[in-house]
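Let's take a friendly look at how one chain is built and how it meets its partner. Have the model open beside you as you read.

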Amino acid sequence: MIIIFQCYGGTHTSIVAASLYTGRLSACSPPRAEELIALPYYDRMDGAEMGKLHFIGTDRRGNNVFALGSGRWGKEIRQVLTSILALTGENREPVAVIDCLPYINTLTRLGGYISRRLGLTSIGRPLVNRGIRGSYRSLLRLVQSFEQNPEPYLLRP
Amino acid sequence: MLKIIYYSRGTLIPALFCAEKHCRPASTPEQTLRRVQQWLADHGGDVGSAALLPYGNGGEGVSLYVMTASAPPGLVERTLSNLFRLLGRGDADPFILVSSLPLSRSGSAARQTGLVLSPKKLRALWPEIEAAVQQARLQIALLEKLNS
């Protein structure tokens, strides 16, 4: 299975959710700022990277896990992917997309804008980190919900 | 069979022009317009949301599709090409996505004004349509060369 965590820029929420899922981040407590910053792609991508699938790691079953930024077109991109998969036949590898956009809080949004769009990383990054820590439990629930039952997240033509 | 997908943002119409031009390279803008109008009449008009529809046979083992969504073509291209690369391992049916970008305005606005389907507008868009089809043909040739 190809597992894709999707959010706006593909650089904060989806990275954290994918890292939680692959076990790179602990489920026990929210990560410290240093742990977040040490994640690959975390708060490092800009708009030009949107649409690229960034490999985060593999899960316990050996499935490849990716992060994807789709801007405000997440739903449309999922529809496009679903349509395209209809052409690939039934024998293809299943694709699951986990939408992390509803889990982005105001602090993450604001910090992300300041850091990525305005380029003021020293101001934006601490805000993003606080925002991510604030939504960590919700992200954990999302990841656990996918782990327990991936069916609703599978793209079905 | 190789699949060519012509993509246009917000409306199927530019993608339809490209697919029609691909099927009948010698067609004039007026002939293309008439055939696209007929296709739209047969298929219940333009679609507003994301859609992927078969258009026909492009010759030489090529199937043509038209696709629309509200997402920017660059984003769709990057996402699909990344996913194709992952799915394409051992896939016998490769895809080529070509975005036709002749619209400078949003698809909904274009549909409302009906400008896109006017002969004058189509003539203005014609070079871009020819370029998109040419791009698709070059990509087919390249793929064939790589596979031979």
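In this predicted model, chain B holds an open sheet of 4 strands in the order S2-S3-S1-S4, with mixed pairing. Strand S2 (51-59) and strand S4 (95-99) of chain B are at the edges, and each has a single partner strand, so one side of each is left without a neighbour in the sheet. Ignoring direction, neighbouring strands of this sheet are turned by 25° against each other on average.

Strands of a sheet pair through backbone hydrogen bonds, in either a parallel or an antiparallel sense. For S2(B) and S3(B) the sense is antiparallel, over 7 bridges. As one place to look, Ala51(B) has Thr68(B) in S3(B) as its bridge partner.

Now to the partner chain. Helix H3 (residues 74-85) of chain A lies across S1, S2, S3 and S4 of chain B, and runs at about 160° to S3(B). Between the two chains, 23 residues of chain B are in contact with 25 residues of chain A.

| Between chain B and chain A | Value |
|---|---|
| Buried area | about 2100 Å² |
| Part of that area from carbon and sulfur atoms | 77% |
| Salt bridges | 0 salt bridges |
| Polar contact (both at pLDDT 80 or more) | 6 residue pairs |

Which elements give two or more residues to the side of chain B that touches chain A? They are strand S1 (2-9), strand S3 (62-69) and helix H3 (73-87) of chain B. H3(B) gives the most, with 10 residues. The residues on this side of chain B divide into 16 nonpolar, 3 polar and 4 charged.

Key:
Residues are numbered from 1 along each chain as its sequence is written. Chains are lettered from A and ligands numbered from 1 in the order in which they are written. This is a predicted model: local features need pLDDT of at least 70, side-chain atom pairs count only at pLDDT 80 or more; totals for chains, interfaces and linings use all residues. Side-chain values use heavy atoms; hydrogens and water are left out. Contact means heavy atoms within 4.5 Å. Buried area is the accessible area (1.4 Å probe) that two parts lose on being put together, summed over both. A salt bridge is a side-chain nitrogen of Lys or Arg within 4 Å of a carboxyl oxygen of Asp or Glu. A polar contact is a pair of N or O atoms within 3.5 Å; within protein, one must be able to donate a hydrogen and the other to accept it, and residues adjacent in sequence count only if both atoms are side-chain atoms. Ala, Val, Leu, Ile, Met, Phe, Trp, Tyr, Cys and Pro count as nonpolar, Asp, Glu, Lys and Arg as charged, and the others, Gly among them, as polar. Two strands pair if DSSP finds at least two bridges between them. Axes are lines fitted to C-alpha atoms, for helices over the stretch in contact, and angles run from 0 to 180 degrees between N-to-C directions.
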